[in-house]
Amino acid sequence: MIKVCPKCGYQNDEDAIYCLQCLEDLKNVLPGEEVKINSTEFTGYNTNNMSPLGHSLQYEHYNDDVSIGAWIGISIALGIPIINIIVLIWILTSSSTNRTLKNYAIAQFILMCIGIVLTGLLLLIR
Ligand SMILES: [Zn+2]
């Protein structure tokens, strides 16, 4: 017999007073039969517990991997005038690029805009 925590679902001992995982009060929880989890059921259990947001975040995390080669290519491209603007626009408009690259491109774009504004201001002051 075990006590399933009503808050987090952790399977505590039958004589447990508090949940070992989240310290929820288990004094009023009636002990029940232990749920035997085999490998296939465990996967289902995991998927059911996973929120759609959590699942998509994990997927995005996988997608956020940018290879070293890609970073080198982008760094070289961003060092070349005019080409860098084309590359930034391509990264920002392409739906296939991941969020890490997009955020990097946005950051570079903002820095570029600040640079242009500062240069313009300096020219105006002179
Ligand atoms: Zn708990």
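This section describes the secondary structure, helix packing and backbone features of a predicted model.

The protein chain contains five helices and two strands. Along the sequence these elements follow the order β-β-α-α-α-α-α. Among contacts in the protein chain with a separation of 6 or more, 23% are made by residues 24 or more positions apart.

Two stretches, residues 68–92 and 104–125, carry the annotation "transmembrane region" in an unreviewed UniProt entry. In the model, the stretch 68–92 is 88% helix and 0% strand, and its end C-alpha atoms are separated by 20 Å. The stretch 104–125 is 100% helix and 0% strand, with 31 Å between its end C-alpha atoms.

Helix α3 spans residues 68–79 and helix α4 spans residues 83–93. The packing of two helices is described by the angle between their axes and by the distance between the axes. For α3 and α4 the angle is about 135° and the axes are 6 Å apart. The arrangement of α3 relative to α4 is therefore oblique, since an angle counts as roughly antiparallel only when over 145 degrees. The contact is formed by I74, A77 and L78 of α3 with I83, N84 and V87 of α4. Classified by residue type, this contact of α3 with α4 comprises five nonpolar residues, one polar residue and no charged residues.

The loop between α3 and α4 includes I82. The phi angle of I82 is near 70°, a positive value in a residue other than glycine. Most residues other than glycine have a negative phi. I82 has 7 other C-beta atoms within 10 Å and is therefore classed as exposed, the cut-off for that class being 12 or fewer.

A positive phi is also found at L23, a residue other than glycine, with a value near 65°. L23 is located in the loop between β2 (11–13) and α1 (39–49). L23 is likewise exposed, because it has 11 C-beta neighbours inside 10 Å.

Helix α5 covers residues 99–125 and consists of 27 residues. The distance from the first C-alpha of α5 to the last is 38 Å, close to the 39 Å expected at 1.5 Å a residue. α5 is hardly covered, with one buried residue among its 27.

Key
Residues numbered from 1 in each chain as written. Predicted model: local features only at pLDDT ≥ 70, side-chain atom pairs only at ≥ 80, totals over all residues. Axes fitted to C-alpha atoms, helices over the stretch in contact; angles between N-to-C directions. Helix = DSSP H or I, 4+ residues; strand = E, 2+ residues; numbered from the N terminus. Parallel < 35°, antiparallel > 145°, perpendicular 65-115°, else oblique. Contact = placed C-beta atoms within 7 Å. Nonpolar A, V, L, I, M, F, W, Y, C, P; charged D, E, K, R; others polar. UniProt positions renumbered as here; feature names shortened; annotations may be inferred. Expected span 1.5 Å × (residues − 1). Buried ≥ 20, exposed ≤ 12 C-beta atoms within 10 Å, placed from the backbone.
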